[in-house]
Amino acid sequence: MSTLTAPDQVPNQAPDSRTDTPGKKRSKNYRGVSPALRAESNIIRSIGVFLLWAVVAVSIAMLLWMVLQAFRDTRSILSSPWGMPESLDFSNFVRAWTVGDFATATFNSVITTAVSSFITVALAAPAAYYLSRVESRLTNGLSLYFILGLGIPAQVILIPLFVMLNKVYLTDSLIGLNLVYIAGSMPFTVFLLTAFFRSLPMEMEEAAALDGATALRTFVQITLPLAKGGILTAFVLQVVAHWNETLLALTLIQSTEKYTLPVALISFVQQQTYSGADWGGLFAGLCIVVLPMLAIYIWLGRRLTEGLTLGMGK
Amino acid sequence: MSRTTTRRSLSAAAAAERGQGGSSIDRQRRKLLVPFVGPAFIVYTLLFIIPAIGAAWISLHEWAGSGPMKFVGVKNYIRVFQDDLFMKSFGNTLLLLFVVGAAIFILAFAMTLVLRDMAGKKIVRNVIFFPHLINALVFGVLAGFIFNPGGMVNTLLKPFGVTEPPAWLAQDNIFPLIMATLVATTTGYFTTILMAGVDRIPPYYYEDCALAGANAWQRLRYVILPLTWDVFGTCAVLWTISSVKIFEIIWVFGGSSGAGIPPTQSWTTAVYTYVTAFSGQSTPAYGAATASAIISLALVSVLVVFLRRAMRRDAVEF
């Protein structure tokens with residue numbers, strides 16, 4: 001009814017209904033929202049809501065369960081998979097850290113992820129800026145050229161890369177792996193940042209140009225500070241991608257002391273075929289892979305989801 | 001989206017107004033081509049595009065990685081298509097692409113519809129997105145624990161009188177389990193993207209629906225679907241690209257991979273490529289391995305072009 005009597009209220013109410021904070025505030029808003037926006041309460045819907053919350057509960061429980069199991073020894077994990085750790089026992093982590101070579105692997109992963117993500121963004125940002133600001137047939141072609149890479153699966157470049165890097169002694173080398181990661185991330189990062197730079201207002205840059213700043217100075221002093229958010233998003237997305245990358249690392253790295261975490265995890269799993277299952281150590285290893293991502297997600301979660309959905313939204 | 005297009009057309013109009021040469025800032029910017037785009041271009045060309053072209057070249061040769069390359073034309077392609085292992089892997093990739101893809105889309109869309117106006121939307125969305133940030137290896141290893149004979153699923157089933165549960169991790173059962181795991185872990189990501197699309201629909205469309213007396217189905221059919229059509233297209237392209245790459249989860253699924261190679265029943269083309277080239281168990285056949293990779297690339301290209309054609313036509317501006 002409110003739609004008929006006061007149409008101008010609708011835009012005011014719309015944001016409210018979207019920024020639904022759970023609990024009291026929500027239920028207060030509920031009556032104010034027009035009937036069209038109110039959820040129908042039928043049985044299918046209630047089942048759906050129930051199932052969704054069940055999914056949420058199970059997901060959180062799984063994560064918690066995995067972390068808790070990492071504090072129990074293999075025998076008690078196997079005898080009662082639902083049990084709780086009796087004490088805060090870090091021996092699994094110690095064993096994974098020392099015997100499973102997770103220490104060096106973690107170090108390698110941290111270095112590789114940080115370096116390759118940083119250089120990726122450092123190279124992609126200027127390129128994306130140029131592609132977003134200059135309109136010509138050449139830049140359109142270049143944009144297309146970069147986007148092309150999005151569709152090429154990693155296994156296509158795997159073998160030629162191995163052959164090429166082998167020629168210049170960059171296989172089994174973290175430098176080689178970094179270079180490959182940087183090149184492989186170029187399509188997505190250039191694509192994302194081009195979209196982001198396009199969304200920035202041009203007026204500030206024009207003002208800077210009128211004040212006599214060179215194009216380079218405008219980019220460094222005006223655009224980059226404005227684009228901090230987008231660049232951070234691109235960086236974090238690359239951190240996630242490089243931290244988890246497996247196929248290329250598995251192919252290009254052979255010696256244990258250069259393993260990154262996913263490769264170390266695979267070799268740890270495969271050792272168990274010979275040395276018997278060490279579920280405690282394995283759970284500790286899984287925690288070392290997952291928990292840093294959880295930390296990043298809690299810290300910068302909104303950037304991640306927005307970056308991924310914005311990057312995809314066109 | 002619409003803002004970007006208007007801004008671009010504005011700047012294009014402005015450029016036209018200024019004439020062919022452009023303003024001084026434009027001219028200055030143009031000089032930055034080499035220093036700005038150069039480094040990215042070189043790295044990307046050298047370590048991505050050239051290897052991709054190299055792959056097409058290698059796939060036409062018989063080559064063991066070292067020694068002479070023998071040109072054999074399309075023989076490698078004929079060879080892999082006659083190879084039962086490849087056909088199995090290719091079939092599995094298609095299963096992932098279409099069956100898992102369909103399941104993910106139906107579930108993600110259903111979840112989006114429920115989530116759209118439910119209390120606690122943000123919490124749910126944040127939780128279901130998280131698996132996307134985890135290496136699929138983790139799910140593979142966990143599944144091995146959950147489904148092993150004394151594992152969680154069987155202890156859960158015992159109270160219900162299931163004393164002889166199926167051998168979950170038997171070689172023939174692994175692939176369906178992988179498919180189920182992938183649906184469970186990937187749906188959240190696509191739900192998040194679809195949600196972003198559905199959230200963009202201005203609320204007055206729903207008001208109009210209510211005034212017109214549209215029921216839930218009509219609202220879905222005539223408002224939500226047409227207005228999120230392009231997001232669906234993007235998601236379909238994304239899934240096509242990412243499903244062909246699936247490797248890690250298969251590599252460790254169940255942790256039962258014996259000699260380090262998963263059972264052939266669960267191979268995908270990515271696994272086929274890797275094993276054929278790097279397993280170290282037989283002479284590496286780089287030609288056949290790259291041929292398999294090129295076939296997956298062709299599959300992606302055809303599907304992406306097709307999807308673009310099929311989904312593009314009626315993108316509604318709002």
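Tutor: A helix here is a DSSP run of H or I with at least four residues, a strand is a run of E with at least two, and numbering starts at the N terminus. This is a predicted model, in which local features need pLDDT of at least 70, side-chain atom pairs count only at pLDDT 80 or more, and totals for chains, interfaces and linings use all residues. Residues are numbered from 1 along each chain as its sequence is written, chains are lettered from A and ligands numbered from 1 in the order written, and side-chain values use heavy atoms, leaving out hydrogens and water.

Student: Where does that put B:Ser266?

Tutor: In a loop of chain B, between helix 12 (248-252) and helix 13 (269-278).

Student: Why is B:Ser266 called buried?

Tutor: Buried means under 20% relative accessible area (exposed is over 50%, partly exposed lies in between; 1.4 Å probe, protein chains only). B:Ser266 has 1%, so it counts as buried.

Student: What does B:Ser266 touch, leaving out residues up to four places away in sequence?

Tutor: With contact meaning heavy atoms within 4.5 Å, the partners of B:Ser266 are B:Asn92, B:Ile174, B:Phe175, B:Ile178 and B:Ile250.

Student: What makes B:Asn92 buried too?

Tutor: Its relative accessibility of 2% does, because that value falls under the cut-off. B:Asn92 sits in helix 5 (residues 84-115) of chain B, and beyond four places in sequence it touches B:Phe175, B:Gln265, B:Ser266 and B:Trp267.

Student: What does the side chain of B:Asn92 reach at 2.7 Å?

Tutor: The backbone oxygen of B:Trp267. A polar contact is a pair of N or O atoms within 3.5 Å, where within protein one must be able to donate a hydrogen and the other to accept it, and sequence neighbours count only if both atoms are side-chain atoms. The 2.7 Å pair of B:Asn92 and B:Trp267 therefore qualifies on distance.
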